[in-house]
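Subject: Structure handover

Hello,

Here is the structure we spoke about, with its sequence. My notes on it follow below.

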Amino acid sequence: MISYFRLLTVAALSLGGMAAVPADPKPTTEQLIARLTASIENLKTLRCNVRAQERIAGSYQQARTSMKMTFKPYKVYLRNQKGIEVLYVTGQNDGDAWVYPNSFPYVTVSLDPLGALMRKTQHHSVLDAGYGTIAELLRGSGQRLDRSFEKSFRYAGDTTVQGRPAHILRADYPQFRYVAYKTTKAETVTSIADRFGCGEYRILERNDLSPGATVPAGRTLQVPNAYGRRVIIAVDQKMTLPLVIQVNDDKGLFEKFEFSDIVANQPIPAQEFTKDFKGYKL
């Protein structure tokens, strides 16, 4: 089977080799970004399966997760291939997530969704499940002054992913690098990541910091100047939601997420976001 990465790369580099869908006119870059951003921001509910590949401490971690969520207020339930379950409901459990580890002593625990234990083997927190970071990645944060990365996105042709026609949105940013940043006041890693639009994980890893850390004034950090050297997003033509997101940096593949069985904006009963819902082990 041809990998999604190869399909995306071929589509992005050799546009003539991929057949477009006649019923769906080719969008401009601006149209595609606007539609994608609006589709994500207008989500009320989402069910999907996600296959994740993330580089953690130099090696790749694989995960397959079934997730469902509602927005406003935010509620999310996750279950991965190891049987680990996570439930987070805004305003409940003192802000912690319920986590069933599916290992000894087989007891549900409450954990900070932004803490070290829940962020140990993943780039993103449960608060960013689904498409949590994509719209901001395209739009850029309000703190980010240099918009050259956001402006590098281009519509790059069409392909087929999971049997579904998809548009390719691609950013090439060869000037990606780590830069020195010296704090002038105490700052959280979150605020620094927002300033550079780079995500928190690589700041934590490169500077030996823990999730949730506050960096004192006067410390110099090595910080990425953008989210990646290359970003490829396969956007489902009908739903205008991502099917594949792949990010490469100076070391190669940084992360890749493949979404399947996507059901958007269909009601999800409130009981499915409670600990005692039938079938949960929480």
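Please keep in mind that this is a predicted model. The notes begin with the whole chain and then turn to single elements and residues.

Overall form. The protein has 15 strands and six helices. Its radius of gyration is 19 Å, close to the 19 Å that the globule rule gives for 282 residues, so the protein is as compact as a globular protein of that length. Along the principal axes, the C-alpha atoms fill a box of roughly 55 × 50 × 35 Å. Of the 282 residues, 48% are buried. Among contacts with a separation of 6 or more, 60% are between residues 24 or more positions apart. The exposed surface comes to about 14,100 Å², of which carbon and sulfur atoms supply 53%.

Strand E4 and its neighbours. Strand E4 (residues 85-89) is mostly covered, with five of its five residues buried. Glu85, Leu87 and Val89 are on one side and Val86 and Tyr88 on the other, and both faces are covered. E4 pairs with strand E3 (residues 75-80) in the antiparallel sense over five bridges, and tyrosine 88 in E4 is the bridge partner of valine 76. The hairpin of E3 and E4 has four residues between the strands, and glycine 83 there takes a positive phi near 85°. E4 also runs antiparallel to strand E5 (residues 97-100), joined by three bridges; here valine 86 has valine 99 in E5 as its bridge partner. Tyr88 also belongs to a cluster with Phe71 and Tyr74, linked by ring pairs.

Aromatic pairs. A search of the whole structure gives eleven aromatic pairs. One of them joins tyrosine 131 and phenylalanine 259, a tilted pair at 4.6 Å centre to centre with 45° between the planes. This pair links distant parts of the chain, 128 residues apart: tyrosine 131 is in the loop between helix H3 (116-119) and helix H4 (134-139), and phenylalanine 259 is in strand E15 (residues 252-264). Both tyrosine 131 and phenylalanine 259 are buried. The ring planes of phenylalanine 176 and tyrosine 178 are at 80° and their centres 6.2 Å apart, so this pair is edge-to-face. Phenylalanine 176 is buried at a relative accessible area of 3%, and tyrosine 178 is buried at 15%.

Charges over rings. Tyrosine 178 also has the charged end of arginine 206 over its ring, 3.9 Å from the centre. Arginine 202 lies over the face of tyrosine 227, at 5.4 Å from the ring centre.

Backbone points to check. Most peptide bonds are trans, and most residues other than glycine have a negative phi. The bond from lysine 72 to proline 73 is cis, with omega near 0°; proline 73 lies in the loop between strand E2 (59-70) and E3. The bond from phenylalanine 104 to proline 105 is also cis, with omega near 10°. Proline 105 is in the loop between E5 and strand E6 (109-111), and asparagine 102 is in the loop between E5 and E6 as well. Asparagine 102 has a positive phi, near 50°, and is partly exposed at 26% relative accessible area. Aspartate 261, in strand E15, likewise has a positive phi near 50°. Its relative accessibility is 57%; the cut-off for exposed is over 50%, so aspartate 261 counts as exposed.

Regards

Methods. Residues numbered from 1 in each chain as written. Predicted model: local features only at pLDDT ≥ 70, side-chain atom pairs only at ≥ 80, totals over all residues. Heavy atoms only, no water. Phe/Tyr/Trp six-rings, centres within 6.5 Å; stacked < 30°, edge-to-face > 60°. Helix = DSSP H or I, 4+ residues; strand = E, 2+ residues; numbered from the N terminus. Buried < 20%, exposed > 50% of the residue type's maximum accessible area, 1.4 Å probe, protein only. Lys NZ or Arg CZ within 6 Å of the ring centre and 35° of its normal. Rg over C-alpha atoms; globule rule 2.2 N^0.38 Å. Contact = heavy atoms within 4.5 Å. Areas by Shrake-Rupley, 256 points an atom, 1.4 Å probe, with all protein chains shown as cover. Pairing = 2+ DSSP bridges.
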